[in-house]
Amino acid sequence: MTRGMFIALEGGEGAGKSTQTRMLAAALESRGIACVVTREPGGTPGAEAIRALLLGVEGEGWNPRAEALLFAAARSDHVERLIRPAVAAGQWVICDRFVDSSRAYQGGGCGLSDAEVLDLHRIGSQGLLPDLTLLIEVSPDVAVARTRVRDGDAPDRIGGRDAGYHAKVAAAFSAMADAEPARFRRIDGDGTAEQVHERIVVALDAWLSAP
Ligand code: T5A
């Protein structure tokens, strides 16, 4: 059996990752490629329980190091129980956010070093990286308009942080894509969902046309 593929979609709030994750999986399934669609934080019962701890707005929240540890713990369970077995079984795993979100949010946004975040990932998930990371980038005003339509005035604990925080997150994602061009593909997320989907299909051409 051939090994599957692990694709992560990344980007800031309202970039359209969840929408594009669903559209990509449907397009792959229509080509006969078996897909597993999942998300972070979450994807397994244990990781979903940690998600509720991280994103719920009750209580006083977490300091940046505790937050990073919780994301890493959720990811460890997700990788061990879902992602690695699915890829080993020949499936394509399409994941809405992965470790680069920790590097951007807990690193770029909260001030942990990239080395610290990657150390946690090495311990928790043996440093697993996606085969391909699609970074969806939208202008800040588009992101705000989209999240407002979806969340109204009730964002989650991290989505509700201020514009300065989200600008640091976007800059961190951009720097990662520049530093790792072999793994990242930058996708312009402005325009309709269908237009963005077409850009993703083009970016995947090399993998889809492989024998
Ligand atoms: N986090 C996560 C960390 O801090 N560290 C980590 O390690 C990880 C994994 C997760 C939060 O946790 C943080 C990041 C996040 O703050 P979440 O609820 O899972 O939060 O949601 P997000 O991933 O943040 O989802 P977003 O808010 O970023 O939205 P998406 O998935 O990018 O966007 P989507 O597809 O839900 O679309 C948003 C709205 O826009 C519409 C959709 O219909 C929806 O209403 N839309 C479009 N409208 C017009 N044109 C398009 N092209 C559109 N695409 C989507």
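Ala-88 sits in helix α3, residues 64–88. Helices here are DSSP runs of H or I with at least four residues, strands are runs of E with at least two, and both are numbered from the N terminus. The model is a predicted one: local features need pLDDT of at least 70, side-chain atom pairs count only at pLDDT 80 or more, and totals for chains, interfaces and linings use all residues. Residues are numbered from 1 along each chain as its sequence is written, and side-chain values use heavy atoms, with hydrogens and water left out.

Ala-88 counts as exposed because its relative accessibility is 57%. The cut-offs are under 20% relative accessible area for buried, over 50% for exposed, and partly exposed in between, with a 1.4 Å probe and protein chains only. Thr-2 is 86 residues from Ala-88 in sequence, yet their C-alpha atoms are 7.9 Å apart.

Turn to helix α1. It covers residues 17–30, 14 residues in total. From first to last C-alpha it reaches 20 Å, close to the 20 Å expected at 1.5 Å a residue. The expected span is 1.5 Å times one less than the number of residues. Which residues of α1 are buried? They are Lys-17, Gln-20, Thr-21, Leu-24, Ala-25, Ala-27 and Leu-28. Seen down the axis of α1, these fall within an arc of 165 degrees, so they line one face of the helix. The arc is taken from the directions from the helix axis to the C-beta atoms. Arg-22 and Ser-30, on the other side of α1, are exposed.

Several elements cover the buried residues of α1. They include strands β1 (5–10), β2 (35–39), β3 (92–96) and β4 (132–137), along with helices α8 (193–203) and α9 (205–208). After α1 comes Gly-32, with a positive phi near 85 degrees.

Leaving aside neighbours within four places in sequence, Leu-24 is in contact (heavy atoms within 4.5 Å) with Leu-9, Ile-94, Leu-134, His-197, Ile-200 and Leu-204. A nonpolar core is a set of buried Ala, Val, Leu, Ile, Met, Phe, Trp, Tyr and Cys residues joined through side-chain atoms within 4.5 Å. The largest one has 19 residues. Ile-7, Leu-9, Leu-24, Trp-92, Ile-94, Leu-134 and Ile-200 have the most contacts inside it. β1, α1, β3, β4 and α8 each give two or more residues to this core. A second, separate core has 18 residues, among them Ile-50, Phe-71, Tyr-165 and Ala-172. In soluble globular proteins, nonpolar side chains tend to be buried together.

Next comes the ligand. Around it are 27 residues, and Lys-17, Ser-18, Thr-19, Ser-102 and Arg-150 come nearest. A residue is near a molecule if one of its heavy atoms lies within 4 Å of it. Polar contacts are pairs of N or O atoms within 3.5 Å; within protein, one must be able to donate a hydrogen and the other to accept it, and residues adjacent in sequence count only if both atoms are side-chain atoms. A polar backbone atom of Gly-12 is 3.3 Å from a ligand oxygen. A backbone N or O atom of Ala-15 lies 3.1 Å from an oxygen atom of the ligand. For Gly-191, a backbone N or O atom lies 2.9 Å from a ligand nitrogen.

Thr-147 belongs to helix α6, residues 140–151. With a relative accessible area of 17%, Thr-147 is buried. Its side chain reaches the backbone oxygen of Ala-143 at 3.0 Å. A polar atom of the Thr-147 side chain also lies 3.1 Å from the backbone oxygen of Val-144.

Helix α5, residues 114–125, holds Ile-123. Ile-123 is exposed at 63% relative accessibility. The buried residues of α5 are Val-117, His-121 and Ser-125. They cover an arc of only 40 degrees around the axis, which puts them on the same side of α5. α3 and α4 (99–109) are included in what covers them.

Last, the backbone. Most residues other than glycine have a negative phi, and most peptide bonds are trans. Gln-126, in the loop between α5 and β4, has a positive phi of about 50 degrees although it is not a glycine. Arg-97, in the loop between β3 and α4, has a positive phi of about 80 degrees. Arg-97 is buried at 13%, whereas Gln-126 is exposed at 61%. A cis peptide bond, with omega about -10 degrees, joins Glu-40 and Pro-41.
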